[in-house]
Amino acid sequence: MQSNDIIAAIATPPGRGGIGIVRISGRNLQTIVEAILGSIPPPRSAHLSHFLDENDQSIDQGIAIYYPSPHSYTGEDVLELQGHGGPAVINLLLSRCLHLGARFAEPGEFTLRAFLNNKLDLIQAESVADLIDASTTGAARCAMRSLQGEFSATIQALVRALIDLRMLVEATLDFPEEEIDFLESARAATQLQDIRKKLEHVLRSSRQGNLLQEGVNVVLVGQPNVGKSSLMNRLAGDDVAIVTEVPGTTRDTIQQLIQIEGIPLHIIDTAGLRETTDIVEKSGIARTHAAIRKADLVLLLIDSRYGLTDADQQVLQSLPAGLPLLTVSNKIDLVSESARIEEEPGKPMVYLSARTGAGLALLRAKMLEMIGWQSNIAGEGMFMARQRHLQALSKARTHLDNATAWVESGGQLELLAEELRLAQLALSSITGEFTADDLLGEIFSRFCIGK
Ligand code: GDP
């Protein structure tokens with residue numbers, strides 16, 4: 001995966017802006033730097049310069065910053081050209097770099113090189129992408145903490161504790177007749193319990209971070225005119241009304257994004273699910289169904305005056321079984337009911353009015369509770385975890401559970417050693433110490449170009 005060639009990309013978004021940046025990275029950039037700037041500028045300082053074409057004519061004048069290896073983002077030589085932010089100028093600069101031997105960078109390739117050159121571990125590299133993609137300020141803060149190494153340090157501490165325990169067990173393997181006494185005197189069971197407890201804590205904090213990053217999918221069910229749009233607008237508040245619209249085919253939207261306490265909620269509107277023979281609309285419906293399969297919560301909106309209708313029942317029956325369901329009885333202002341939650345087991349119902357706003361806070365709190373958000377963990381202690389991290393943490397936990405079972409019931413010491421080894425392997429895959437090349441390819445391909 002290590003490559004020796006020179007990569008270049010436009011690092012700023014397409015379009016016009018005050019500044020546009022072209023970034024180049026490679027093992028040895030001296031020739032390119034000299035060709036473009038006419039000389040090698042002092043390292044890591046802003047240097048006003050003309051950017052020259054092959055005839056030594058100025059393409060643009062701007063700031064050049066040269067970062068000789070190893071003190072750069074990628075660990076290689078890096079040159080950043082900050083020119084005027086118009087597409088023509090920036091494309092000319094990029095073409096100049098390509099003519100001088102650079103090639104187009106793949107998405108995330110700068111960060112991949114930073115990872116391969118040990119500038120960042122895998123968690124930090126992923127948090128670069130998460131920071132760029134963060135759709136809420138909470139998610140951005142959380143990604144920044146990961147980038148600064150908090151999540152990595154916690155995982156590394158767990159790995160170190162596991163290595164200590166493994167050393168103990170592996171050493172005992174050499175003296176089988178003394179094994180149990182030795183392990184007991186070294187308090188192996190206590191150490192194991194301690195690691196297990198810490199892992200559980202990390203897993204909890206990571207789940208919260210994952211909610212903040214990926215959000216949850218909420219299916220909105222409700223007949224026309226029960227107040228779905230009114231409720232969505234209320235939930236979105238003044239903040240960010242609808243920040244994303246995924247275009248449907250025959251309807252304007254099938255999915256909207258709102259946020260509650262910084263958690264992104266992807267609302268999938270099942271109004272797009274009506275029976276149809278139209279082929280275009282059918283494909284929209286198929287997509288809605290695919291989105292629904294990934295849903296975490298169903299929100300059923302009904303009109304307080306009429307209650308649950310047959311049509312609602314039909315849609316509910318078409319949804320995957322076992323999805324948590326929250327029923328919202330809207331328009332209580334028309335029937336003079338009070339805002340409240342009724343908690344029949346498994347069938348919570350919130351009474352509210354989207355028009356007056358009564359009961360909205362109850363709905364927000366209930367939704368957060370149902371998707372597993374714990375505001376007491378939120379904030380400082382939370383880790384920006386991806387599904388990949390959660391899976392690795394769960395895998396490590398399973399192996400630690402097996403190890404605990406071994407300690408409780410006894411058995412072949414080799415099995416305990418193996419469970420601990422597998423737990424360590426799972427944890428190390430999070431920071432990227434033992435990570436297959438194809439996984440790296442997958443992770444970095446989701447970056448934007450120029451990062
Ligand atoms: P949708 O078709 O389900 O999206 O419903 P809308 O949000 O468009 O609402 C339909 C009508 O019901 C509109 O005239 C709304 O103003 C009205 N409406 C929505 N929520 C309430 C409510 O809580 N109380 C009252 N009185 N009217 C509401």
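Which of the 15 residues around the ligand come nearest?

1. The model discussed in this note is predicted. Of the 15 residues around the ligand, Asn-225, Lys-228, Ser-229, Ser-230 and Asp-333 come nearest. A student may wish to locate these residues before reading further.

2. For Asn-330, a polar side-chain atom lies 3.1 Å from an oxygen atom of the ligand. Ser-353 likewise places a polar side-chain atom 3.0 Å from a ligand oxygen. Taken alone, the ligand exposes 580 Å², and the protein buries 76% of that area.

3. The make-up of the shell around the ligand also deserves attention. Its residues divide into four nonpolar, seven polar and four charged. Helix α9, residues 228–236, supplies the largest share of this shell, namely three residues.

4. Helix α13 covers residues 387–409 and has 23 residues. From its first C-alpha to its last, α13 reaches 33 Å, close to the 33 Å expected at 1.5 Å a residue. The buried residues in α13 are Arg-388, His-389, Leu-390, Ala-392, Leu-393, Ala-396, His-399, Leu-400, Ala-403 and Trp-406. In general, residues three or four places apart on an α-helix point the same way, because the helix has 3.6 residues a turn. Just after α13, Gly-410 takes a positive phi of about 80 degrees.

5. Is His-389 buried or exposed? This residue lies in helix α13. His-389 has a relative accessible area of 1%, so it counts as buried, the cut-off for buried being under 20%. The side chains of His-389 and Arg-388 are joined by a polar contact of 3.3 Å.

6. Does the end-to-end distance of helix α14 agree or disagree with its number of residues? Helix α14 runs over residues 413–431, which gives it 19 residues. At 1.5 Å a residue these should span 27 Å, and the end C-alpha atoms are 28 Å apart, so the two values agree. Just after α14, Gly-432 takes a positive phi of about 95 degrees.

7. Two loop residues may be set side by side. Thr-74 is found in the loop between β4 (58–67) and β5 (77–85). Its relative accessibility is 1%, and Thr-74 therefore counts as buried. A polar atom of the Thr-74 side chain lies 3.1 Å from the backbone nitrogen of Glu-76. Lys-294, in turn, sits in the loop between α10 (279–293) and β11 (297–303). Lys-294 counts as exposed because its relative accessibility is 59%, where exposed requires over 50%. Along the chain, Lys-294 and Pro-320 are 26 residues apart, and their C-alpha atoms are separated by 9.5 Å.

8. How many disulfides does the count come to? A disulfide is a covalent bond between the sulfur atoms of two cysteines. With a cut-off of 2.5 Å between cysteine sulfur atoms, the count comes to zero disulfides. As for individual cysteines, Cys-97 has 0% relative accessibility and so counts as buried. Cys-142 is also buried, because its relative accessible area is 1%.

Key: Residues are numbered from 1 along each chain as its sequence is written. This is a predicted model: local features need pLDDT of at least 70, side-chain atom pairs count only at pLDDT 80 or more; totals for chains, interfaces and linings use all residues. Side-chain values use heavy atoms; hydrogens and water are left out. A residue is near a molecule or strand if one of its heavy atoms lies within 4 Å of it. A polar contact is a pair of N or O atoms within 3.5 Å; within protein, one must be able to donate a hydrogen and the other to accept it, and residues adjacent in sequence count only if both atoms are side-chain atoms. Accessible areas come from the Shrake-Rupley method with a 1.4 Å probe; for residues, only the protein chains shown count as cover. Helices (H or I, at least four residues) and strands (E, at least two) are DSSP runs, numbered from the N terminus. Ala, Val, Leu, Ile, Met, Phe, Trp, Tyr, Cys and Pro count as nonpolar, Asp, Glu, Lys and Arg as charged, and the others, Gly among them, as polar. The expected span of a helix is 1.5 Å times one less than its number of residues. Buried means under 20% relative accessible area, exposed over 50%, partly exposed in between (1.4 Å probe, protein chains only).
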